[in-house]
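Please examine the ligand site and the pockets of the model shown here.

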Amino acid sequence: MDTIIKPISEFHIESFRRAFDKVVKEGKYFGSLDAPTLESFSAKVRKNIEDRNPHFVATHAGEVVGWCEVVRLNKPLFHHVGIFEVGLLPEWRGQGIGRPLITATLDAAFERGFTRIELTVFASNTRAIALYEKIGFNKEGELIDAVYIDGVFSNSILMGLINR
Ligand SMILES: CC(C)(COP(=O)(O)OP(=O)(O)OC[C@H]1O[C@@H](n2cnc3c(N)ncnc32)[C@H](O)[C@@H]1OP(=O)(O)O)[C@@H](O)C(=O)NCCC(=O)NCCS
């Protein structure tokens, strides 16, 4: 099954929101359980486009099946830092799409002058952690009891990628 990786555009917003909503509803990877309203979701994507934050999507037959973004921190002393996020619909995982989606986004981030890319990942998410390490992220710390799901606390891993 072919996918195309390209920078996000306004045209993708509704489809991206559907994909995002499905992934967050799994309740295993992100802090949210629902996508924001279309209005606030659209505003965030438009701001990424306007600010030239790297934001790529993987599409199949015109539908978004995955996304990856790096959002610049909006404070002068943190201006070199980008917060990273990636996700694929469940049926599109494990097929080698994650790596090129991530590298396209990171290449754009480095071109735009980001020198530190930062993420947190649930400690249980061994697939993502393994892929991040292969790409060059380092574990920088463990956030204890950062996540609370169904009455159980678990940890998050802080990871960083430096490109100076
Ligand atoms: C994390 C995610 C983006 C990875 O993308 P993917 O296309 O599924 O990645 P793949 O399964 O093809 O694996 C990529 C690499 O990791 C390796 N890998 C996969 N599962 C692994 C595991 N459990 N342990 C070690 N390595 C693993 C693969 O062998 C592959 O290596 P290669 O590129 O050297 O061949 C995707 O699985 C996803 O969206 N997961 C749910 C949402 C999520 O976790 N988002 C991140 C939140 S921080």
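The questions and answers below treat the ligand and then the pockets.

This is a predicted model, in which local features need pLDDT of at least 70, side-chain atom pairs count only at pLDDT 80 or more, and totals for chains, interfaces and linings use all residues. Residues are numbered from 1 along each chain as its sequence is written, and side-chain values use heavy atoms, with hydrogens and water left out.

Q: Which residues come nearest to the ligand?
A: A residue is near a molecule if one of its heavy atoms lies within 4 Å of it. There are 21 residues around the ligand. Those that come nearest are Leu 88, Gly 98, Arg 99, Asn 125 and Lys 134.

Q: What is the distance from an oxygen atom of the ligand to an N or O atom in the side chain of Asn 125?
A: A polar contact here is a pair of N or O atoms within 3.5 Å; within protein, one must be able to donate a hydrogen and the other to accept it, and residues adjacent in sequence count only if both atoms are side-chain atoms. For the side chain of Asn 125, the distance is 2.7 Å.

Q: Which element gives the most to the shell around the ligand?
A: Helices (H or I, at least four residues) and strands (E, at least two) are DSSP runs, numbered from the N terminus. At least two shell residues come from each of β4 (81-88), α3 (98-111), β5 (116-122) and α4 (126-135). With six residues, the element that gives the most is α4.

Q: What volume does the largest pocket have?
A: On a 1 Å grid over the protein atoms alone, a pocket is an open set of points where a 1.4 Å probe fits, with protein on both sides within 12 Å along at least five of seven lines; lining residues have an atom within 4 Å of a point. The ligand takes up the space of the largest pocket, as more than half of its atoms lie within 2 Å of the grid points. Grid points are joined across faces, edges and corners, and a volume is the space filled by probe spheres set on the points. For the largest pocket this is about 840 Å³.

Q: Which element supplies the largest share of the lining of the second largest pocket?
A: The second largest pocket has a volume of about 190 Å³. Its lining includes Lys 44, Asp 51, Arg 72 and His 79, and two or more residues come from each of α2 (38-51) and β3. The largest share, four residues, comes from α2.
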